Structure formats: C-alpha cells, structure tokens
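Please read the points below alongside the sequence and the model.

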Amino acid sequence: MSQLGYVATPPYSQAQSGMGRYQGNLGLIPPVQSMYSHYGGPPQAFSVPPQSGVIMEPPVSTATGMPPPPVSIHYNSNIQQNGALPQRYPAPPAGSATYGQPSQYNSMASQASPPIQQLTNQIHDMNLGSSYVLQAMQSPPPVSSVAQPPLQTAPVPATTQPPMSPGPPRSPHTSPQMTQTQLAQTSMGMASPPMAIGMGRPFQGPPGPPSPGPGGFQQLGPGYPQQPGQVGGQMTGPQPGFPGAFSGAAVQKPGPRKKLDPDSTPSPTQVIEDDQAKRGGQVYATNLRGQVPPLVTTQFTVQDQGNASPRFMRCTIYSFPSSSDLAKQCKVPLASIIKPFATLPKNESPLCLVDHGETGPIRCNRCKAYMCPFMQFIDGGRHYQCGFCNYVNEVPESYIQFLDHMGRRVDRQERPELCLGSYEFTTTLEFCKNNKRPNPPAYIFMIDVSSSNIKSGLVRLLCNELKALLNNLPREDGTMSSAVNVGFVTYNKILHFYNVKSILTQPQMLVVSDTADMFVPLLDGFLVNYQDSKDVICNLLDQIPDMFEDNNETDTVFAPVIQAGLEALKAAECSGKLLLFHSSMPTAEAPGKLKNRDDKNLVNTKTEKILFQPLKGVYEQLSKECVAQGCCVDLFLFPNQYTDLATMADVPSHTGGSVYKYSNFQVETDGKHFLRDLRKDVMKNIGFDAVMRVRTSTGFRASDFFGAIHMTNSTEVEMAAVDCDKALTVEFKHDDNLCEEPGALIQCAMLYTSVSGQRRLRIHNLSLNCVSSISELYKSCETDSLMNYFAKSAYRAILTQPIKNVSETLVSQTAEILAFYRKKNNPSPTGQLVLPEALKVFPVYMNSLMKTAPLVCSTELATDDRALQMLAVMAMGVEETQLLLYPRLIPLHNMDVGSEAVHAPLRCSEERLADTGMFLLENGRSMFLWLGQACPPELIQSIFNLPSLAHLTTYMSALPELDNPQSRKLCFIISSLLQKSPRSMNLQLVRQKDDSERLFRQCLVEDMGVYGGHSYMDFLCLLHTEIRQLLP
C-alpha cells in the first residue's frame, strides 16, 4: 500500500436482528474448527487481467522487497506496530481440548444459517503480509428459489457457485453490498502486495485450470500471493444461477465452513509485545517536539530534556491539525491526559525544586505563563518573548544573564525551568490563602462502629492495622518523620470524638448526638502528631473494638460525619483527608438520609440515567465546602446490599478522593485485600488544596475537563487533593489556525500544599507539532490515550443521555475517524476496511468500552457496581484504562520456573483457553485464576496442595505458599502484579463451567459479552458498514 495502514475485511455473515442498536443485519458465524493455511510460500505464475471482480493494490517498492521501514525520529520512536502475527505462545499439550465451543453464555450467537445462506457465509482462512485484506461480496438478484447445496472447496479445475439467497430485510445501517459477504483468502509473504478477490458478478477466468504448485497450491502470476488449491480454484465460466450459466459446470459437494483465523485481525497483545521489543529498555529523551512516546505498557527510562515525561502528560495526538476545519473533519479528539503527581521509577530523577526567593516564580505579564524552555530571550538577555502569547516581557534584574551565539542563555543548563519539562517552584505569600502560610495537613480516621462492622471483624482488624500503619504516613523526601497530624472519630447514629493529647495517660471521649447541627467539641488534642501521642493513640485503638463489642445499633449517619471532619479541619486551619469506613446506606434521621432508589425497571430505558445521578442538596453543598477547605474524602464501603453509591460517592468523586467497595466483607476472605488498599491509600504521594490551570499557545485553548475535580469557572480546576494515581483529561479546541513552525505549546501549572505544609507550584510543559498532512496527523495518534478520553466522555454522558444513545455515538465517532482517513489517505476499494497503523487496535478497545458495566443495560449487574466503575474511570490515567479495556491474560500451566520472566499475555478470547490449562487474568480491578476442567492433578497438587481439582474450594482468597518451584513462581507473579497496581485485587478462583465463570468471561473482551455486546469480529463488520455509508 502507498500509505501506512492496515487493510482488513471482516468475516461478514448473514445479518440477524437483535444485536445492540443495529436492528437486523449483523450475525455471528457459529464457531467451528479453524483451518490454518500455508504461510509465506514463494509466488507462483498466474495471469488474469484485472476485471470488475478483481481488486488489487500495487506493492510498496523497496530496495530489498520488504515493507517500508518506519519513519525515523528520535531513536526510531515512530515504530510501526504489528498486531497481526500469530501468537508466539506454544500450543497446549497434546490432547488438550480447545475451550472455544459455544456455551450457555453466548445467548446472542446466531443459529446455523440455512443452506442458501451458508454459501455466502463461506470464510477462508487468511495469512498475513504487509496488510489485511478482506473483501465484501455483492449479492446479485436471485433467479431461483430452489436451495442449492453449499459450496465445498475441493481441488478441481473448475468451480461453480449456486445462486445466493436475498436473505432477510436489510437494516438501515447496512448497505446493499453488505447483504452477502465473503472473505477472500490471501496467503502472502512480507513483500507480497495485498489482493482481494470480489465476487460481485460472474467473470471469465483463464481458458484452462492452472497447474498445481508445490503442496497443492494453484499457480499464480508473478508477484502475486499463492492461493491454496482447496479454496482458491478459479472458475472457468459463469456460475449456475447467474445469467449465462451453463449446465456442464461441476458442482461442489457440501463441506464444513471455516472461520477466520483470529490472528488475522490486529492484536493488542502483539502490538504491546512489538513495542516492548523495539523500545523497551531504551532511554526516551524528550528533546524533540511532537514525538510519540512508547506505549504505557512498555518499560523504558525517561530523560527530561525540555518536555514533560509521558508519565505526567500523554496526548491523544502529537501532531495537532493546523486548522479548525481539518480538526472538525478528522474527528480525532484533541486532548491531553495529565497525571500531575505520577510516580517516577527509582532510576529517574525526581522533580527539581526552584526557589527564586522573595521575587517568586517569573511569569509572563500578559498570559501569566510561568518561565519554561519555550521562552525566547532577546535584547542581550534583558527581555524575553513569551512562547504562549508572544508578549515581550522585561527580565527582572536579578535574573538577567548573557546569551551565547545561538541566542540562548549561558546558564540554561543550570536552571531547571530553562532546560526541563517538569519542575517545581516555591511560592511567596501571594500564592497562599489570606496571605498566610498553610499548616501541615491532617488525616482523620472516621470509623463506623455499627453492628455490621463489629460482627464482620472489620473494626478490630482496622484498629490493629492502624497502630503500625501510622508510622508510614506520607512525608517529604529526606525527612525522618511525617508532619501530617491525625485524629479519630467513631460513629453510628451519634459521633464520638477522642482527645489523644500527648500529656494524657488515657484517651478521652466526647459525644455529639445532635447530628443536625454538627460541631467539633474540642480543638486542642483532637488533631495531634502521631509520634508525639503514639502511646495514647495505641491505647485508644486497643479500646475501640472492646468498647463497641456489644453494640446492636444498625442505623448510621453519613453526611454529618463528613461535616464533622470538615469542621475539624476548618478549626485547625489546615487541609487534609477524611478516611471513612462505612457499612451501609445512611438511614438514621439526620441530614443526608437516603432511601432505596434501585429500580430495575429503569434499566434499558431512557430514564436509566437516574440511577447514576447523585441526589442534589446536602451532598452537593458538602462537596463545594470540602473543595474550598482542601478536605479530601476517601470512602471505604462494606455493604451487604444496595447503598446508593452514586450519591454516597459524590463527595469523594469531587474532592479528589477514592472509593473502595467490599461487598459482604469477611475478615477471612477479604481482610488482606482491604489492608493492601488501606496501606496504598495512606502511604501514597499526595498534594492538598490544589488549583490547576492549563495554558496554551495562541490558536487553541483548553475547552473541557474530565476527572475527580470541581470547577467554579471555565478555566481553573480545583481539587481538594490530588495523589499519584489521579489523572484528569483536558480537551482542546481551535480558536484560529495554527502555524506549523512554532508548533502547539501546553503548560500545566498546579498550585498545591505539600505534606509538609509548603505551598508549591508544579509545572509540566509539552510541545506538539502542527501539521496539515492527513498521514502525519493519523500517524501521531495514540490509541491508549484516545480510549481514556472516550471512556471518560462516555461515562459522563450517561448522566444526561440514554445509554443507547451514548453507545451509538461511540460507534459513529469511531466510524467517522476511520472514514476520513480512508477517504483522504487511502483510496482503496470500498469492500475493504482500512485501519491506520497507529489506530489498528482502536476498534477492539472501543468494542470493549461498550461492553463495560456502565454501558451494558443488564439487570444482572448491580447498580452500585456500575456506578463505582463509572466514578473510578473518571479519575484513571492512561495505564489504568488501557488495562481495564484489554485485560492481561497470562498462561501458567507452562511456566518457566527457572526464570523470573513471565509469559507474554495472550489475546482475551476463550479460544486461547484450554481444558488442561491454568490462566491468570487481571484488569487492574479484578484478578481471576481460571482452571480448566482437565487441569493435570500434578499441577493442582503443586499449586494448592490438593490431589485434584474436585477438592478445590473457590472461596479461597489467597494461594498457599508451598515449597516447590511452581508455587513460588505463581506467588511471585501475583505479588508483582499487585505491587504494580494502584489498587489491590482479590484473587478469585474460577473453575471451568462453574457459575462464577460469568465474571471471568466478561473480561474476555474479544468474545461476545456475557451481558450483551458484540464480539471483536462482529464489531469490525458493524464498523465497516458504518464507514461505507460515510464514503462517497
């Protein structure tokens, strides 16, 4: 192909109704045994002139006959991604059955087509070359109502084809050419040109059959790929049922249909593996403008040389369209995902802290952008031109420095703000509230001591853990202890405050029963330094479980608890975090009382959005007050039933907090899971009372923001706290045309209070290219960042729109992005699905997004769980959304116990599973260990110390640590995944064919969704239909 991209034709089948919003023409081919053809054989002779039924693309000529090399930027950073190669993981042992047969969950799978339809559903296996080629077949009008036997592929000189049935009525989303489709088989080497054979009308073949080539292949023309003789025989004349058919034509005997080799579609796992092989372990220098960074899954080292690390800022596209018209036409969102406090690896330098003394940070007098590498010094260093607004500013006398012969300051390498993309400034009093230095923040632990939490063992477990955990409160690098103060509250219908002042020998309790008018009964002794009051605090934590052991109170309050913590922080004049450990829906008579509004009758209706909308009033006002004070709320929820999480999590979701949910909590099964989450939450790097502003160069601006944020105006983002796991997505819009020479500049400036109580500015700068070339624009797209944007925009949209409309919009947006590329950059035949190289796995991620819980209208899914995922994604970074939308499936039955290396993940499909296998699946929120029903007893013995799978209980929450290589290796793999994940995951054991397998199967995102949704192949068909309608 003349342009870099993928050409793919999905395996179309006779359309059926009932598939999502597309009302009639998309079916599913029943899974049957795959057939793999020869790969990469030498080309043979064939000479047929191109006719209306033959579509070819010229080969890309290179010096060596191989595909063109990737465009080179800094150390070849624009690497081509290849997701089409077959899986490299060895096949299961002999005798293992493929776990890919139809199951009870494939309720949307179509039934076997009648004989007439089977002809048009013939699918030939396809090998990979420089591109994917699939060709739609146009159905002629039927001339006979007599059913013809399906075509059986056989090595005969001539083949004929019976008439094709018109099939059921087409849906408005299906073009006439899509009614009957067929995959053209292609077997090509890497240098072979793509070719698709369309059967839109009968055509005259060569006068005689070509002689068979080696291995049963037909002889083809020079430079064209081989075609296996069994499926690629040429027709000697018109086919029966078509005009001009003759009676002497040979008719094939019926034979089984073949399905498309799944490896012939773009594979996210292969893309990840290729990027790791090409860019993993390298140093990624940020000195080039607009270079696309390695994938989020690739292990690399960042060297800051003037642009922010991709760990802090990633963009959906690194070459902005130079005009607003081009931006509107290409439909690619212009957005940046910013994680201001992202954790840096140990081999990367921490951010430098710059102190300009009493003058404070230097900034532009017009646009207020801070000093950065994009500023141009002129007039001998006495003035500088702002790179964002082009205003010429005077340099403060204390900051003047000479320029070298290139016009650069001679001290630029000594000043982080002139040579680095990310750094921090200390601030002056004008950046502080009321011109007063802030006090160190505080953590207040607020424990629900109602009957449910006492009986489950949570209160005792928590109190025992806090005695050790409080030694690890966050602190500044280089300091011996934390400056964070702590306080404690217990509650059910009333609140208990504790005086833990260091001079006391016993803690003192003060009770507040008037929850309608909440106040803090003490100031001195409530918030204390843990090291100073350690003995009193440990004494209190020992007493709390026994103090409420006989408590039978079941009703609780919730909003007054948050109000109490907020008032305590106000009284102490500090920011901080409230950690609430709550059990149930607040039903006690108090402000913020909630009622059950979980109405399953609303599911899959236009009013379903009500289930995800938080109730206004008390909680909305609390959110505003908390943000103003810098009070972050983290909610640990331990429910046994519906709690209206959409409302209860409203305050955490707007204050930069987190929500953790442990349904039917029991210490034995969920205790370790909860404690891992608690430790990560308390110890993570965090900033408080944050205000963020995103500035851009002229021609475009930040127009929208997504995340766990609060906004009082259209430009400033307020967050009560922001930690190392929180990210927000910023969308940009054109105001005018952009000049290609200076590029597009972005500066993210965040003012916050550190854990030591110091007011600081954290700056991240990024420069992008501006282009008018369509190919360069699409080449710089990043799929993972695009999906982060689409996920957040879709989840926010379901609060105001019917879910069905949101899903339709996602399909339309995907089709428009790909159709514009096809229209402007790759004039291939309309029967081919063309995917840009950088977006070749975009469809599989988009299809996975539409099968996530918030976008699936199913009464089987708990409303609270759907709301929880929606809120969690709104604060996720690119790494988390990538893993959520395409989970990691790791085979374990063939572990290399002699190495710490982990097998490369497999594609998320049931076809990759085997009855004799063991597989680990994780998506950042859940972790499953799947065990095939024929799993070898010796493997079960080495992992679980049990004689067979039948003796295994699936309620096991952790694996036993046994003294054998297999057990040690598996425990090492699980421990590594948990350590890297921002959240803990509870291991769930899943036996093949058990009821618990439904949750596991929902994570196999390339298959049909358990609760609805297309398979990957079906979605490609669907997408192709939409694109064809958009093409002229």
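Cys-352 is partly exposed, because its relative accessible area is 32%. The model is predicted, and it holds zero disulfides. Cys-352 accordingly takes part in no disulfide, and the nearest cysteine sulfur, that of Cys-419, is 7.7 Å away.

**Cysteines**

- A disulfide is a covalent bond between the sulfur atoms of two cysteines.
- Cys-908 is buried, with a relative accessible area of 0%, whereas Cys-352 is partly exposed at 32%.

**The chain as a whole**

- The protein chain contains 22 helices and 34 strands.
- Of its 1032 residues, 60% count as buried.
- The accessible surface of the chain comes to about 39900 Å², and carbon and sulfur atoms account for 51% of that surface.
- Among contacts between residues at least 6 apart in sequence, 76% join residues at least 24 apart.

**Nonpolar cores**

- In soluble globular proteins, nonpolar side chains tend to be buried together.
- The largest nonpolar core has 156 residues, of which Phe-497, Tyr-778 and Leu-849 touch the most other members.
- Helix α15 (residues 803-825) gives the most to this core, with ten residues.
- A second, separate core consists of 45 residues and includes Tyr-498, Val-536, Phe-638 and Phe-665.

- Helix α8 covers residues 559-572; at 1.5 Å a residue its 14 residues should span 20 Å, and its end C-alpha atoms are 20 Å apart, which agrees.
- Ten of the 14 residues of α8 are buried, so this helix is largely enclosed by the rest of the structure.
- Among the buried residues of α8 are Pro-560, Val-561, Ile-562, Leu-566 and Leu-569, together with Gln-563 and Gly-565.
- Glu-573 follows α8 and has a positive phi, near 55 degrees.
- Ser-575 is found in the loop between α8 and β21 (576-582), and it counts as buried because its relative accessibility is 6%.
- Leaving aside residues up to four places away in sequence, Ser-575 touches Pro-441, Ala-442, Leu-569, Gln-629, Gly-630, Phe-688 and Asp-689.

- Ala-588 is found in the loop between β21 and α9 (618-629).
- At 5% relative accessibility, Ala-588 counts as buried.
- Ala-588 and Asp-555 are 33 residues apart in sequence, yet their C-alpha atoms are 5.2 Å apart in space.
- Apart from residues up to four places away in sequence, the contacts of Ala-588 are Lys-493, Asp-555, Thr-556, Val-557 and Lys-593.

**Helix α19**

- Which residues of helix α19 (residues 937-944) are buried? They are Leu-939, Ile-940, Ser-942, Ile-943 and Phe-944.
- These residues cover an arc of only 165 degrees around the axis, so they lie on the same side of α19.
- An α-helix has 3.6 residues a turn, so residues three or four places apart point the same way.
- The buried residues of α19 pack against the strands β32 (918-922), β33 (927-931) and β34 (987-991), and also against helix α20 (965-980).
- Asn-945 follows α19, and its phi is positive, near 60 degrees.

**Two further buried loop residues**

- Ser-909 has its place in the loop between β31 (888-891) and β32.
- With a relative accessible area of 7%, Ser-909 is buried.
- Ser-909 touches Leu-1004, Glu-1006 and Asp-1007, not counting residues up to four places away in sequence.
- Gly-1012 lies in the loop between α21 (997-1002) and α22 (1016-1030).
- Gly-1012 counts as buried because its relative accessibility is 17%, and the cut-off for buried is under 20%.
- Gly-1012 and Lys-851 are 161 residues apart in sequence, while the distance between their C-alpha atoms is 7.0 Å.

Definitions and conventions
Residues are numbered from 1 along each chain as its sequence is written. This is a predicted model: local features need pLDDT of at least 70, side-chain atom pairs count only at pLDDT 80 or more; totals for chains, interfaces and linings use all residues. Side-chain values use heavy atoms; hydrogens and water are left out. Buried means under 20% relative accessible area, exposed over 50%, partly exposed in between (1.4 Å probe, protein chains only). Helices (H or I, at least four residues) and strands (E, at least two) are DSSP runs, numbered from the N terminus. The arc is that of the directions from the helix axis to the C-beta atoms. Contact means heavy atoms within 4.5 Å. Accessible areas come from the Shrake-Rupley method with a 1.4 Å probe; for residues, only the protein chains shown count as cover. A disulfide is a pair of cysteine sulfur atoms within 2.5 Å. The expected span of a helix is 1.5 Å times one less than its number of residues. A nonpolar core is a set of buried Ala, Val, Leu, Ile, Met, Phe, Trp, Tyr and Cys residues joined through side-chain atoms within 4.5 Å.
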